[in-house]
Amino acid sequence: MTATRAHPGRGASPRIARAINDRLALRLLQQEGPLTAAQLKELTGMSRPSVADLVERLQDAGLIAVVGESGAARRGPNARVYGIVAGRAHVAGLDVRIESIAVEIADLLGRTVARGELPVPPGADPARLVEDGIGLLQDTARSAGVAALHTVAFGAPGLVDPVTGRLSPTGALPTWHGDLVDEVRKRIGVPVLLENEVNLAAVAEQRTGAAAGDDATFVLLWLGSGVGAALMLDGRLRRGMSGGAGEVGFLPLSRTGELPTATDCDNGFHGLAGSRGVCALAREHGLPADPAEDAAAAAGVVGAAAAAPPGSAGALFLDALAARIAVGAASICAVLDPGRVVLAGEVGLAGGTALAGRVAERLALLSPLRTLVQPTAVDGAPILRGAVITAMDSAQDVLFTPPE
């Protein structure tokens with residue numbers, strides 16, 4: 001355990017001091033797991049009577065409960081083990097894509113209690129999708145026995161307006177994403193948060209992945225159907241004045257020399273490193289690529305190439321793809337100098353260390369800046385996990401703050 005001391009300001013009122021201590025104790029219980037009163041005393045530096053009062057307050061508020069007893073020989077209050085009442089509140093995270101809607105319901109500690117997913121067929125009616133998305137959220141919560149949600153967080157592609165908190169889609173992205181968020185806000189009656197989906201993947205990476213750490217600095221480069229980036233600088237997401245920081249698909253990088261436009265990034269970095277560009281590059285090297293040319297197709301051909309022997313068509317394809325990715329990464333690093341680039345998304349995950357190592361080699365030839373390139377360490381559903389973490393943090397901010 002890492003000791004943390006409670007240090008209320010010298011002029012803090014007793015109420016403020018109690019609030020600071022309560023919040024510290026709850027954070028310790030979240031990070032360390034269940035603790036005895038003696039352990040809380042040791043970690044916070046508080047007196048035994050103060051810890052006893054704190055434990056009583058948090059129990060009365062329904063935030064902590066006795067979850068067992070320590071192995072100490074001497075029985076008594078200090079032998080009781082206290083833990084956060086994770087079922088005190090539940091949150092929901094949603095990952096809204098062009099081809100699917102996914103939902104995860106979690107408790108106050110972020111532990112998954114239910115998941116649901118809905119495919120979105122091409123040409124589906126937008127109004128029907130909004131209703132089906134709301135139904136998926138409600139049905140998934142109901143399947144877990146959750147009667148009411150505390151907070152909901154969405155991840156969706158596009159720009160999130162920092163003033164209105166609404167989605168401003170870029171390019172040819174569908175408008176029903178924003179309609180779904182707006183309708184959930186109207187109908188569910190709880191706080192609803194909205195974040196760019198790549199930003200949420202970076203949140204998951206910061207908590208549990210290759211760049212874990214409260215003060216981490218890195219760029220997460222998402223490689224999937226499209227490309228995007230999330231900027232985590234000194235532990236904080238940087239969204240930009242209009243919410244568009246990281247829209248690297250619009251970087252003016254193309255094979256033809258043509259430029260992207262404000263509504264079309266096919267002639268930008270998106271065209272080079274998005275799934276269609278990846279599949280086309282694979283075919284140029286004689287490799288079979290699913291004609292769907294979606295993220296799954298690109299990940300499939302990249303995953304196979306990552307295991308190919310040196311000198312083979314697969315290895316040469318991966319070299320060429322890494323060269324493309326490195327150009328985009330060099331453009332980002334020349335401005336931000338983050339020191340670390342994490343390759344995420346379906347393609348980044350499938351390429352693993354084979355792709356990341358090649359990108360690092362090419363990047364070192366393009367830039368004098370020292371930059372570590374790593375594959376994502378968050379598999380499964382990073383956007384969904386980031387949404388749950390965001391909703392959980394928001395709920396804890398409310399519940400872990402004692403009332404006036």
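**Helices, sheet and pockets**

Mentor: This is a predicted model. In it, Val-301, Val-302, Ala-305 and Ala-306 of H9 meet Gly-314, Ala-315, Phe-317, Leu-318 and Leu-321 of H10.

Trainee: At what angle do the axes of H9 and H10 cross?

Mentor: The axes of helix H9, residues 295-306, and helix H10, residues 313-336, cross at roughly 115° and come within 8 Å. Both values are given because two packed helices are described by the angle between their axes and the distance between the axes.

Trainee: Is that crossing of H9 and H10 left-handed or right-handed?

Mentor: The crossing of H9 and H10 is left-handed.

Trainee: On to the sheet, then. What is the order of the five strands?

Mentor: The order is S6-S5-S4-S7-S10, in an open sheet with mixed pairing. Strand S6 (112-119) and strand S10 (192-196) are the edge strands, each pairing on one side only. From one strand to the next, the twist averages 15°.

Trainee: Which helix packs on the sheet?

Mentor: H12 does, touching strand S4 (90-96), S5, S6, strand S7 (151-156) and S10. The direction of H12 makes about 145° with that of S4.

Trainee: How many bridges join S5 to S6?

Mentor: Seven bridges join strand S5, residues 100-107, to S6, and the two run antiparallel.

Trainee: Changing topic: how much space lies in the largest pocket?

Mentor: About 960 Å³ lies there. The largest pocket is lined by 41 residues, with Ile-98, Leu-173, Ser-225, Gly-226 and His-270 nearest its centre. Helix H6 (197-208), strand S12 (227-233), helix H8 (275-284) and H9 are the elements that give two or more residues to this lining. The lining divides into 16 nonpolar, 15 polar and ten charged residues.

Trainee: What about the second largest pocket, which residues lie nearest its centre?

Mentor: Val-203, Gln-206, Arg-207, Ile-389 and Asp-393 do, out of 23 lining residues. The volume of the second largest pocket is about 650 Å³.

Trainee: Which element gives the largest share of the lining of the second largest pocket?

Mentor: H12 gives the largest share, seven residues. Helix H1 (14-32), H6, strand S13 (236-237) and helix H12 (382-399) each supply at least two. By class, this lining has six nonpolar, eight polar and nine charged residues.

Conventions: Residues numbered from 1 in each chain as written. Predicted model: local features only at pLDDT ≥ 70, side-chain atom pairs only at ≥ 80, totals over all residues. Heavy atoms only, no water. Axes fitted to C-alpha atoms, helices over the stretch in contact; angles between N-to-C directions. Helix = DSSP H or I, 4+ residues; strand = E, 2+ residues; numbered from the N terminus. Left-handed = near helix turned anticlockwise from the far one by under 90°. Contact = heavy atoms within 4.5 Å. 1 Å grid on protein atoms, 1.4 Å probe; cavity = no way out; pocket = protein on both sides within 12 Å on 5 of 7 lines; lining within 4 Å. Points joined across faces, edges and corners; volume = space filled by probe spheres on them. Nonpolar A, V, L, I, M, F, W, Y, C, P; charged D, E, K, R; others polar. Pairing = 2+ DSSP bridges.
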